[in-house]
Amino acid sequence: MMQGQLAMTCDLTNPAFTDEEKARQLLEATRWPDGPVCPFCGQMDTVKALGGNSMGPGWYYCSDCQDKFTVRVGTLYERSHIPLHKWLLATHLVVSSKKGMSALQLSRMLGITYKSAWFMCHRIREGMTPGKRGPLGGQGRTVESDETVIGGKMKNRAYAKKEPKKQTVLTLVDRDGDSHSFHIANVKAKTLREAIVRVVDRKSHIVTDEHPSYEPIGREFAGHTTVNHSDNEYVRFGGFAHVNTAEARFSLMKRAVVGTHHSVSEAHLSRYLGEWDFKWNTRKMKDGERAAAALKGIGGKRLTYRISHKAADA
Ligand SMILES: [Zn+2]
């Protein structure tokens with residue numbers, strides 16, 4: 001972790017949230033802990049700072065690429081006109097909010113348009129979504145699987161003309177580790193199996209509900225226990241065979257989707273799932289560490305990020 005006043009703390013008086021120069025220094029320290037890295041070729045020893053001219057601070061030059069860059073280049077912020085200090089404050093607010101942050105709330109807090117806030121929220125979620133994930137579970141470990149249905153409440157529709165579609169989400173949670181969630185468009189044995197075997201180590205013990213689709217899937221793992229949600233079996237199994245970890249993980253997400261965002265379109269669901277996996281996976285971190293982890297995730301995603309909204313140049 002970074003030291004001193006530039007460290008990203010949960011204190012809203014952090015100067016990096018109001019001072020553009022301090023914000024740049026904080027982002028540089030987070031993205032480049034060992035010094036500036038060229039975003040084009042990945043080298044460090046070919047980079048020098050371009051100081052003392054009309055460029056202003058924060059510009060660097062790579063002699064190999066013969067090109068200049070700032071800390072924004074190659075990140076989700078690259079095309080944005082929003083000052084860095086607002087990005088940092090918004091990131092801090094989104095990652096530390098237990099119930100999620102809506103674009104409307106963010107626009108009020110930052111004094112920016114709803115359109116800009118909406119786009120910032122999605123870029124911040126993209127930063128939280130892990131680029132590469134390892135398998136869940138392993139020998140002697142337990143992975144819980146559970147499905148939940150989110151969305152679809154007419155009374156909560158904010159802008160939608162018709163009732164938002166219900167979406168089924170499968171969440172897999174290593175009881176002592178990370179979670180990985182998917183949108184399952186068509187819930188059946190085949191689609192559930194594909195998601196589970198892709199993510200969960202076969203040496204794991206899996207815990208699922210009694211849905212018949214899980215029976216053949218369970219045989220592919222070291223062990224399989226089913227629980228009946230309606231039957232209070234959580235208690236009967238003395239705490240061993242439970243899906244309570246997944247349940248806790250779900251309740252967080254459901255509260256956010258229902259209470260804060262009201263509905264989530266299918267197109268954006270994966271980013272919300274990324275946000276909630278991230279929040280679960282970093283649950284033991286302090287708010288400042290979690291924000292730094294989210295900031296690290298803004299790099300290297302520019303090329304895969306698809307502009308999906310007309311507020312692209314917010
Ligand atoms: Zn270079």
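**Strand pairing in the predicted model**

Glu144 stands opposite Val207 in strand E7. This is a predicted model, in which local features need pLDDT of at least 70 and side-chain atom pairs count only at pLDDT 80 or more, while totals for chains, interfaces and linings use all residues. Residues are numbered from 1 along each chain as its sequence is written, and side-chain values use heavy atoms, with hydrogens and water left out. Strands here are DSSP runs of E, at least two residues long, numbered from the N terminus; two of them pair if DSSP finds at least two bridges between them.

Back to E7, which covers residues 205-209. Strand E4 (residues 142-150) runs parallel to E7, and three bridges join them. E7 also pairs with strand E8 (residues 223-227), again in the parallel sense, over five bridges; here Asp209 has Val227 of E8 as its bridge partner. Four of the five residues in E7 are buried, so the strand is largely enclosed by the rest of the structure. Buried means under 20% relative accessible area, with a 1.4 Å probe and protein chains only.

Next come E5 and E6. Strand E5 (residues 167-174) pairs with E6 over six bridges in the antiparallel sense, and a hairpin of four residues links the two. Val169 finds its bridge partner in His183 of E6. E6 (residues 179-184) is mostly covered too, with five of its six residues buried.

Finally, three strands make an open, antiparallel sheet in the order E1-E2-E3. Its edge strands, E1 (47-49) and E3 (67-69), each pair on one side only. Three bridges join E1 to E2 (residues 60-62), and Ala49 has Tyr60 of E2 as its bridge partner.

Conventions:
Buried means under 20% relative accessible area, exposed over 50%, partly exposed in between (1.4 Å probe, protein chains only).
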